[in-house]
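Subject: Structure handover

Hello,

Here is the structure you are taking over. Please open it beside this message; my notes follow below.

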Amino acid sequence: MAAKQNLSEPSDSDSSSLTDQSVSGRSGNRSLRVAEKERRKNEAEDPFVLALKYFSDVGAGTPVYGNDEFETNLVLVERVAYSKGLSPEAISVMLEFAMSLRMGTGPCVRVLKCLIPATIVPQEPIVRAVVWLGVGKIPISTQVLFIKWVLTVFDMIDAKDQLRAIYGFIFSFVTEENLCPFICHLLYLLTRKESVRVFRVRKLLELQSKLGRQPFLLHLLSLYKVFCPELVTLSIPSRMKSGFRNYNTPWKSALIAVQKRNGSQLASSTSLPFTIKDKTSSRKRKHCHLELPVLSSLVNKQPQTELSSSRKVVPLVQLNSFAQLLENIHRIELPAQMGSLLGSSLALQYLDCVQDESALLRLNFWLGYALHEEFLFYGDGGAYQNSEEALQFLDKLLFTQHFLQEAFSSSEAFLYKFLSVWDGSLLRPQILGLLSNIPVVPSSQIGRLLFEPLMQLFFTSSLFFKCGLMECLNNMLLKWLTWHSVYALEDDLDISLNSHTSINMTLSGFKDSVMELVHFVGRLASVGLQLEGCHTLLLSFVLDFYETVCDTFLKYGLPLVVMPPPGVFYPALFSLDPVSVDRLAYIMYRYKVNLTSAKSQEKVTEQAFHISRQTFREFNHYLVVMVNCLWNSNMFRPGMGVQLGEEVLLKSNVPQYWTSFDLVHHPAFMSYAVDFHQRVSVNHLGCLDLYFYRDM
């Protein structure tokens with residue numbers, strides 16, 4: 001009983017500890033109340049808070065002119081906006097004041113220009129502001145300014161579900177001719193598959209018939225066609241110029257200055273993928289598109305997580321591992337700035353797994369604009385003056401293409417234009433790397449798009465450029481043959497150029513393109529070897545290319561055999577480098593194996609391709625020349641392929657000139673002969689020494 005009583009009744013020490021805890025709890029609550037009271041008092045005395053209260057409470061019809069209180073409060077808000085940025089609450093108050101026109105249309109533009117967010121932009125006031133557009137009292141120029149502001153801060157908006165909920169209301173403004181380009185841009189960012197409807201497609205086609213084939217309409221229609229190809233029967237051009245211009249809005253520099261001053265790491269918005277440079281720089285034109293946007297969260301993780309769970313979507317920035325990516329693969333929301341995907345390996349894995357056509361379309365749009373703006377449309381040679389930014393940008397692009405194992409259509413279109421103005425030295429490894437990733441080009445266009453500019457560069461550049469271009473064209477051929485072996489269809493032998501395009505090419509068309517490429521490299525190699533005196537380094541890269549060509553049938557399944565031209569075969573056969581002669585022998589051996597296999601299949605299978613007699617004649621001719629030269633010692637004799645006049649051969653004073661290029665006397669193997677002679681001599685002397693030592 002005593003034990004039970006002791007257990008049931010608290011001891012004196014326990015009672016004192018509970019009393020102390022209650023006292024400390026009351027004192028803590030009291031200190032929190034005091035701190036909260038002090039904070040409210042400070043806020044009540046803060047002039048900025050008073051200014052926001054003024055704009056929140058000001059009545060409709062209040063005059064502007066002569067209103068000193070209005071001017072004082074607005075100047076204070078502008079000062080805070082341009083120095084620190086506005087909080088979400090301040091943006092809500094000021095945007096509601098501007099769009100409601102409580103003091104007329106005069107202050108509206110001025111207020112919109114000072115809406116510089118410090119952290120995030122709440123979507124609720126934007127939705128209310130869009131509704132105010134339908135009232136009809138706001139001037140068109142002010143409406144355009146508001147939509148530009150929304151596009152500028154689009155990636156800083158905390159959520160976009162309510163904006164997508166009023167997609168139809170926003171779409172109704174496309175009929176306004178001045179608003180149409182900006183509304184199409186906003187719709188492009190908001191569009192989801194459920195947004196595509198027949199009546200919207202008809203309205204856009206109707207506008208196109210009225211306004212012409214405007215790029216902004218075509219880009220929005222192309223996105224609609226990705227989601228619902230059965231609704232958009234319009235033929236979309238495979239290469240379009242930028243549909244949405246990157247307007248020089250008044251918020252760009254102010255936003256970056258505020259973020260830099262606050263030390264924040266906000267993700268770049270759709271129109272802000274750049275950083276401010278020092279004004280003392282000699283560059284007049286800033287390279288504002290070469291810095292990749294950062295894939296980072298704009299809000300605190302906890303509120304964002306709750307918001308995302310309520311909307312049943314997961315922002316890509318919240319995923320940290322491939323396992324999380326697989327768990328949420330169908331609930332991922334991509335960032336508004338698609339350029340940020342290039343800097344995230346997890347985002348690239350998502351693109352590779354999901355094959356999201358809309359994401360690739362938006363990424364191609366951003367990438368195409370950045371490449372054209374920074375490398376083609378510069379006015380003061382900016383790309384030449386700041387190659388470090390361009391180097392990092394192109395390296396990241398190359399990494400992305402190698403990761404996805406295919407090129408972007410925007411980089412392909414850029415290269416076709418850039419080759420005509422390229423000097424062959426600026427960012428050479430990166431440009432050649434991008435060039436090697438170009439998908440198969442139709443034979444009717446490959447000459448104009450690739451061969452003509454590359455030929456001019458090849459014949460006017462150094463030896464190292466020639467070697468680099470040969471390596472680039474070899475890698476290009478390897479990728480083409482690999483695509484063929486992967487995507488070839490067994491039934492109709494049609495191939496798709498890459499996994500994200502609708503362009504198909506027949507097998508005969510693909511063979512024509514490959515044949516054009518091989519013949520083009522043969523012409524370049526023949527003339528290049530003459531210009532460079534059959535340089536061993538250039539010859540090595542040329543033989544690399546033909547090691548790929550000789551195995552096109554057996555290794556890659558392409559029914560095509562193309563022999564090297566004489567301008568490549570004979571320099572390799574008479575080369576002073578033994579490795580080149582050895583590689584030529586290996587290449588001819590692989591040609592023999594491929595031709596024999598193709599000939600045997602031609603006899604057994606009716607569907608096998610037919611090899612022309614000219615190909616067999618060329619191979620037999622080269623084979624006879626090699627055997628007579630290296631083995632039979634019958635070089636330079638009549639009927640042996642390479643013929644020289646008897647008088648010229650006699651004037652050379654070379655005894656038994658017909659044996660000059662056999663395995664024993666070939667200049668390429670002279671070093672091996674000397675080495676053999678030295679080894680034999682040393683061994684012979686050693687044997688003599690042993691002999692005399694034994695006799696002694």
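Of the 696 residues in the chain, 48% count as buried (buried means under 20% relative accessible area, exposed over 50%, and partly exposed in between, with a 1.4 Å probe and protein chains only). The secondary structure comes to 31 helices and four strands; helices (H or I, at least four residues) and strands (E, at least two) are DSSP runs numbered from the N terminus. Among contacts between residues at least 6 apart in sequence, 72% join residues at least 24 apart, where contact means heavy atoms within 4.5 Å.

This is a predicted model, in which local features need pLDDT of at least 70 and side-chain atom pairs count only at pLDDT 80 or more, while totals for chains, interfaces and linings use all residues. Residues are numbered from 1 along each chain as its sequence is written, and side-chain values use heavy atoms, with hydrogens and water left out.

Confidence

The mean pLDDT of the chain is 78, and 73% of its residues reach 70 or more; pLDDT is the predictor's confidence in each residue, from 0 to 100. Confidence is highest in helix α26 (residues 536–549), at a mean of 95, and lowest in helix α15 (residues 301–311), at 42. The pLDDT is below 50 over residues 1–11, a stretch with one contact in the model beyond near neighbours in sequence. Residues 296–311 also have pLDDT below 50, and that stretch has 28 contacts beyond near neighbours in sequence.

Helix pairs

Two packed helices are described by the angle between their axes and the distance between the axes. Axes are lines fitted to C-alpha atoms, for helices over the stretch in contact, and angles run from 0 to 180 degrees between N-to-C directions.

Helix α12 (residues 198–211) and helix α13 (residues 215–227) cross at roughly 155°, and their axes come within 10 Å. That angle makes α12 roughly antiparallel to α13 (under 35 degrees counts as roughly parallel, over 145 as roughly antiparallel, 65 to 115 as roughly perpendicular, and the rest as oblique). The crossing of α12 and α13 is left-handed; a crossing is left-handed if the near helix is turned anticlockwise from the far one by less than a right angle, and right-handed if clockwise. On the α12 side the residues are R200, V201, L204, L205, L207, Q208 and L211, and they meet L217, L218, L220, L221 and Y224 in α13. By class, this contact has ten nonpolar, one polar and one charged residues (Ala, Val, Leu, Ile, Met, Phe, Trp, Tyr, Cys and Pro count as nonpolar, Asp, Glu, Lys and Arg as charged, and the others, Gly among them, as polar).

Helix α27 (residues 566–573) packs with helix α29 (residues 613–630) at an angle of about 15°, their axes 12 Å apart. This makes α27 roughly parallel to α29, and the crossing is right-handed. P566, F569, Y570 and L573 of α27 make the contact with H621, Y622, V625, M626, C629 and L630 of α29. Nine of these residues are nonpolar, one is polar and none is charged.

Single residues

S410 lies in helix α21 (residues 409–418) and is buried, with a relative accessible area of 7%. Leaving aside neighbours within four places in sequence, S410 is in contact with N364, L367, G368, L371 and H372.

L427 has a phi near 50°, a positive value in a residue other than glycine. L427 sits in the loop between α21 and α22 (428–436) and is buried, at 10% relative accessible area.

C534 is not a glycine either, yet has a positive phi of about 50°. C534 is in the loop between α25 (507–531) and α26, and is partly exposed, with a relative accessible area of 37%.

Regards
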